[in-house]
Every structure is written in structure tokens, then in C-alpha cells.
Amino acid sequence: MVTIQASSAVYMKVSNISCSSQTRRRFGVSLAPTRAILNLPKVQNQAKSTTTNPLLSLQKIPYSLGFQDMDIIKRSNLDSSTIQMEKMYAILESVTDRVEMHKNIGEQRDNWNNLLLSSVNSITLAAATMAGISVLSSPSIALKLSSTILYLAATGILVIMNKIQPSQLAEEQRNASRLFKQLQTEIQTQLTIGNPTALDVNEAMEKVLALDKAYPLPLLGAMIEKFPETVESAVWWPRKTEQKKQKSQELGMRNDYNNNNGWSPKLEEEMREVSKIIERKDVADYLRLSEKALKLNKMLAISGPVLTGLAAAATAVSGGFGSTHGVGAAATVVGVVAGALASVVNTLEHGGQVGMVFEMYRSNAGFFRLMEESIESNLKETDVERRENGEVFQTKVALKLGRSLSELKNLSSSSSRYINPHGSSDSEEFASKLF
């Protein structure tokens, strides 16, 4: 079709030229230009010889005729920034789902703590009441048996409760929900400010996976150890690798404060002093409180099942009606008193939520540990352009510590006056005023 159309066009031009030549002859006009133009049919013959197959011409000019797949072109035009944007939105959807999931599970496990505590105390007090009444009842075998069964049931429930620590489980999920909300806000801010890079996407992925590891949802197999041998701060952030530091060292980068990015030697020294105070005072204090809460929780967790088990054994050997003296009467007294003490211990442990307090102290220590690592990672970066803006970073540190910028400067300047020769601080002032 293309060849036919081209031939027709040439033919029309030649016809017009021949007509115009006759007119020129009639009026005495020279035919030299016309003869020059009449050489065009040679081009027509060459076109016929070279484009005898119409399909070949279509293959040579496929896009000039408008035959293209718009969907393929759209996909091919997707640049890397758009792909990274889609990845970041996918991560945001996952984070939003995790926020709701951890919130719901936290409420469920808080209900576990309340319901199980009420149930085990009711069972224990009912068993103690039956043990006391059995002394005054002539056929006491039914009451004794019922009391023993209830004490054994309370012992089993307490062993499970003390193993999983429902109040601590609820606190873990509350922390996870809060931290995922914080990550959700960070991702939304990145999407609002501008196009995220591949580095931003990888960092967000690492943060999500680190939170999943720090606060697992299942109880069996992945549950956090409730009574660890050594107390450590909670860690819910990805550990910084040394690749960035090594790369900057290989490039021979040095601190150049001409383009300071908000940093100065004075600000570096200030942040370095704040980091030392956090490590020396805040982190150490919360780890010390965590150890005390853990010891108290261990003692209460052991005492509860021991008391209910002792009460069950004493009720089983207690005497019946008329046994006011001897072994039977003493066993009855032990059964009743042990049951009452078990109710008190359970209320202190689970009603006072000692496990939750332990987890709260661990999280606080982790909060300050994260601040310390954030300060150190910025200071270790030798290229100031790669750091976070110094003024913005200083404002963030001040807000997280509950201080103004002037108070933060006073803290760093006054810390050196309280250092004793042993390297510890005699000052009672902590870095944080928030908690």
C-alpha cells in the first residue's frame, strides 16, 4: 500500500508537470526546467526496485505509522524514583497493618492478665474457705478433696501465668504499637518531603524487620525470655554496619567545616559529652532498676505456686471434725494460711504488674541506648555532608531529653566539673528530664 501511494503521488506530480509544460510551449516558455523535473520517474523506478515487498517497508517504519503499544511504553518509562516510591508505599501499608495488629493483641493480653488474676484469686480463696470449713464439718472428705483440687488448679494456672507474664506481654505489644506508629510517621514524612531513594527503602525494611524480631507476636518458640540471666536494654533498631565508616576512610575524607551542614567542633564536643552522660547515668540507672524489678518478679513468681502447692498438700492431710489438736489441725491451719498468702503474692505480682515494670525499665534503657548510638554514628561519620543536619539533630536530642537548647548546652558544659578520678559522675543530674 505504501508503494502504491508513493507511485500515485509521483504520477500526479508528473501529470501536473506535463500539463504545465504544454502551457509553457503554447506561450513560448523554456522547457529546460521541465526536463530537469521530468528526471523524477527515475526515483520512482528505484523505489519500485527497492520496495517490491510492502512488508519490508512496514518493518522499516513501524512507529511512523502510529502502531505502538502504549502500555509497554508506559511501563518502560517508569524511572527508578517511581519504583522506589511504590516500594515505600508498600512498606507503609505493612507498617500500618502492624500498628493495628500489635494494638489489638496488646489489649487481648492485658485482658488475659486481669481475667487470670481474678480467676486464680477466686479459686485460691474458695479453696482456703473450704479447707477452714472442713474442720467443722463431720463428713469432711468432700470439702477436703474439693479444696485440694482447687489448690492444684490454682498452682497450675500460676505456673503458666508466671511463665508467660501477661502484664509484660501487654507492655511489649504496647511498645511495638508505639514504635511502629513512629516508623509510620517517618515514612509518611519521607513521602511528603520528596522522592525516597533505594537507601531509604532498605533502611525502612531493616527497621520493620528489627521491630518484628524485638517484639514477636507468637508465644511458643519466639517469646522473649521473661527471666533472663543477664539484664540488657531492649533493642528494636537495626545495628549500624561499619561499611559506611570504612568507605569514608578509604576515600580519605576529613571534617571540612566550610560546608558544615550545621556542624561545628563545639557542637561535636557538646554531643559527645551528652552521649557520655547518657551512658554513665541514664542507661546505667535503668539497667539497675531493671535488675531489681527482675529479682522481685522472680521471688514472687516462685512464691505463688509454692504457697498454693503447700496449701494443697496440707489440705490433703488435714483432719476432719473434732481434730482441733495434732497434725490434722496444724495441716488445716497451714492450708488456710498458705492459701491466703498465695492470694496476696499473686495480687502483688500480677495486680502490681511487676513484669510490666521490668519491661518498661528495659525499654527506657533501650531508648537511651538508641540515642547514644545515634549520636555516635553521626560523630563517627567523617564527612559532615553525610550526617544529619547539626542544628536539626541538636533540636531532636534536646526534645527527646525534655530539655531546651540552652539547658542541653549547660548540661554538656557542667558535666566535666562532676567527673571524679574513677571516671564516674558524682552529679545527681541525669541527661533526661522527661522520665
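This is a predicted model: local features need pLDDT of at least 70, side-chain atom pairs count only at pLDDT 80 or more; totals for chains, interfaces and linings use all residues.
## Helix 8 and helix 13

Helix 8 spans residues 166-193, and helix 13 spans residues 354-380. Their axes come within 7 Å and cross at roughly 35°. The crossing of helix 8 past helix 13 is right-handed.

On the side of helix 8, the contact is formed by Ser167, Gln168, Glu171, Glu172, Arg174 and Asn175. These residues meet Gly355, Met356, Phe358, Glu359, Met360 and Ser363 of helix 13. Sorted by class, the contact holds three nonpolar, five polar and four charged residues.

## Glutamine 173

Glutamine 173 also lies in helix 8. Its relative accessibility is 0%, and buried means under 20%, so glutamine 173 counts as buried.

Leaving aside residues up to four places away in sequence, glutamine 173 touches His102, Ile105, Gly106, Arg109, Pro216 and Leu217.

## Helix 9

Which residues of helix 9 are buried? They are Val201, Ala204, Val208, Ala210, Leu211 and Ala214. The elements that cover these buried residues include helix 6, at residues 80-133, and helix 8.

How values were computed: Residues are numbered from 1 along each chain as its sequence is written. Side-chain values use heavy atoms; hydrogens and water are left out. Axes are lines fitted to C-alpha atoms, for helices over the stretch in contact, and angles run from 0 to 180 degrees between N-to-C directions. Helices (H or I, at least four residues) and strands (E, at least two) are DSSP runs, numbered from the N terminus. A crossing is left-handed if the near helix is turned anticlockwise from the far one by less than a right angle, and right-handed if clockwise. Contact means heavy atoms within 4.5 Å. Ala, Val, Leu, Ile, Met, Phe, Trp, Tyr, Cys and Pro count as nonpolar, Asp, Glu, Lys and Arg as charged, and the others, Gly among them, as polar. Buried means under 20% relative accessible area, exposed over 50%, partly exposed in between (1.4 Å probe, protein chains only).
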